[in-house]
Amino acid sequence: MSHHHARAHQGEFDENAAEQFEWSDAMLLGHGQMDDAHEEFVHVVKALAACDAATALGCLQAVEDHLLAHFGTEREWMERTEYPAMDCHLDEHQKVLDTVQQVNRLAQAGQVGLRDVRRLAAALADWFPKHATYLDSALSAWISKRRHGGAPVILRRALGEGVQQKSTLA
Ligand SMILES: [Fe+2]
Ligand SMILES: [Fe+2]
């Protein structure tokens, strides 16, 4: 854990994180809609990492649109269930959204290159597993407890049956 904290404080990330970033059932948290949003996150970030000069702007916009919906929905769940650790979770969302919106604006103005766009994809791929493991899983467990009085039951698909969805962003 101290490893993660040290890196977070230095603002560093694994520059190659997007290359091994794949959706898998190991990432399921047991909340169907949240899991669907997380699978979509992986797809839009992978598409961003693989973008070229012709697709970069569309891929950036797709990431921004996705995050607005994904983070907005999680906020609604937190408000509706009076989630106690809301501020910390929303702060993290806001920082990520600010970064994506800033890069998107600069890209639209022709002020960032493909290298910066791909660095953003790597930063997002590096950030997400920690966020999901520490913050989203706690939210999923909280919602499930409020609903059913217990921890979520996670039904994993058989390995190999995973979704092989092709990107349609280009
Ligand atoms: Fe999430
Ligand atoms: Fe979240």
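Two residues are taken to be in contact if their C-beta atoms, placed from the backbone, lie within 7 Å. The structure is a predicted model, in which local features need pLDDT of at least 70, side-chain atom pairs count only at pLDDT 80 or more, and totals for chains, interfaces and linings use all residues. Residues are numbered from 1 along each chain as its sequence is written, and chains are lettered from A and ligands numbered from 1 in the order in which they are written.

The protein chain contains five helices and zero strands, where helices (H or I, at least four residues) and strands (E, at least two) are DSSP runs numbered from the N terminus. The order of elements from the N terminus is α-α-α-α-α. Of the 170 residues in the protein chain, 24% are buried; a buried residue has 20 or more other C-beta atoms within 10 Å of its own, an exposed one 12 or fewer, and a partly exposed one a count in between. Among contacts in the protein chain between residues at least 6 apart in sequence, 76% link residues at least 24 apart.

Beyond its neighbours within four places in sequence, Val-45 contacts Ala-18, Phe-21, Val-63, Ala-121, Leu-124 and Ala-125.

Val-45 is one of the buried residues of α2, which also include Met-34, His-38, Phe-41 and Lys-46. The cover over the buried residues of α2 includes α3 and α5. The 18 residues of α2 should span 26 Å at 1.5 Å a residue, in agreement with the 26 Å between its end C-alpha atoms; the expected span is 1.5 Å times one less than the number of residues.

The axes of α3 and α5, which are lines fitted to C-alpha atoms over the stretch in contact, with angles from 0 to 180 degrees between N-to-C directions, come within 13 Å and cross at roughly 15°. The two helices α3 and α5 are therefore roughly parallel, a term for angles under 35 degrees. Ala-56, Leu-60, Glu-74, Trp-77 and Met-78 of α3 meet Leu-114, Val-117, Leu-139 and Ile-143 of α5.

Val-96 lies in helix α4 and counts as partly exposed because it has 18 C-beta neighbours inside 10 Å.

Technical notes: Parallel < 35°, antiparallel > 145°, perpendicular 65-115°, else oblique.
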